[in-house]
Amino acid sequence: RDDDDINDVASMAGVNLNEESARIMATNSDLVGTQMQSCKDEPFLAAVPLHKRILETAKKLGITDVPAEVVTFISHATQSRLRTVIEKVTVITQHRMESYKDDEWYEQATDVRSQLKFFEQLERLEKQRKDEQEREILLKAAKSRSRQEDPEQARLKQKAKEMQQQELAQMRQRDANLTALAAIGPRKKRKLDAPGLLTIGGEGVGLCGGSQAGLGTGSPRQYPRQKITRVNLRDFIFYMEQERDMSHSLLLYRALLK
């Protein structure tokens, strides 16, 4: 018996095998007595239309019999190909959506948006200058009191009169709007702007305090927003341009024409 105690490594380590066995059985109790079997091989595409399409293509090549295993194999190959395409296009879309503006390892070389805003501002100033010049010409024509007027002078006077009437109408409309706003009073806060409301997808979700909803605190709940990757046609075109088999395909040519 002494020799057995010396040779029993579990007893020397202070491990009770019965307790460990009971603990393992309690942990994996849901797996005890469970039979595991392989799932049924279900094709990705509909078998009957796919088999019909394969037979139509095979008859052109002189093949009359296509077994069901070929249909299953082509279906799985289509599923694998589609998964690969989606994964690659998703990576392309994620790269397109990445912003390096706040990255310390990148510096901005050009800012096309600021350049466009600058040109738009120049065009606005030029248009404003031309409008002021035209307004001065019309005002001078309206103030002229020459007895003999040519048709051009009469046209300028008529145009100046229409411009003054339009400016007067705009001033009256602006005064009417200010009077209406003053009569209405200060704008009341909408329900969607009130604290305790959370806007999700354009809809307001009410969140009450503890006295109404039975909660201890009245702080709004934060719903996690699911990130959506939106793939557009430009991403697919870029993917097809990088693929060797699709870079000169008719599908790429049709996509570029859209």
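Me: Is Leu-138 buried or exposed?
Reply: Leu-138 counts as buried, because its relative accessibility is 4%. Buried means under 20% relative accessible area, exposed means over 50%, and partly exposed is in between, using a 1.4 Å probe and protein chains only. By the way, this is a predicted model, where local features need pLDDT of at least 70 and side-chain atom pairs count only at pLDDT 80 or more, while totals for chains, interfaces and linings use all residues. Residues are numbered from 1 along each chain as its sequence is written, and side-chain values use heavy atoms, with hydrogens and water left out.

Me: Where is Leu-138 found?
Reply: Leu-138 is in helix 6. Helices here are DSSP runs of H or I with at least four residues, strands are runs of E with at least two, and both are numbered from the N terminus.

Me: And which residues is Leu-138 in contact with?
Reply: Leaving aside neighbours within four places in sequence, Leu-138 is in contact with Leu-156, Lys-159, Ala-160 and Met-163. Contact means heavy atoms within 4.5 Å.

Me: At what angle do helix 6 and helix 7 pack?
Reply: Helix 6 (residues 112-143) and helix 7 (residues 151-184) pack at about 115°, and their axes are 8 Å apart. That makes the two helices roughly perpendicular. For the terms, axes are lines fitted to C-alpha atoms, for helices over the stretch in contact, and angles run from 0 to 180 degrees between N-to-C directions. Under 35 degrees counts as roughly parallel, over 145 as roughly antiparallel, 65 to 115 as roughly perpendicular and the rest as oblique.

Me: What kinds of residues make the contact of helix 6 with helix 7?
Reply: They divide into seven nonpolar, two polar and five charged. Nonpolar covers Ala, Val, Leu, Ile, Met, Phe, Trp, Tyr, Cys and Pro, charged covers Asp, Glu, Lys and Arg, and the others, Gly among them, are polar.

Me: New topic: at what angle do helix 5 and helix 9 pack?
Reply: Helix 5 (residues 68-97) and helix 9 pack at about 115°, with axes 9 Å apart. They are therefore roughly perpendicular to each other. Among the residues making the contact are Val-85, Lys-88 and Ile-92 of helix 5 and Phe-236 and Tyr-239 of helix 9.

Me: Which residues of helix 9 are buried?
Reply: Asp-235, Ile-237, Tyr-239 and Met-240. Helix 5 and helix 10 are included in what covers them.

Me: Where does Glu-243 lie?
Reply: Glu-243 is in the loop between helix 9 (233-242) and helix 10 (250-257). Glu-243 counts as buried because its relative accessibility is 16%. Its side chain is joined to that of Lys-88 by a polar contact of 3.2 Å.

Me: What's a polar contact?
Reply: A pair of N or O atoms within 3.5 Å; within protein, one must be able to donate a hydrogen and the other to accept it, and residues adjacent in sequence count only if both atoms are side-chain atoms.

Me: What about Leu-252, buried or exposed?
Reply: Leu-252, which lies in helix 10, counts as buried at 6% relative accessibility. Its contacts, leaving aside neighbours within four places in sequence, include Ile-237 and Met-240.

Me: Last one: how many helices and strands does the protein have?
Reply: Ten helices and two strands. Buried residues make up 10% of its 258 residues.
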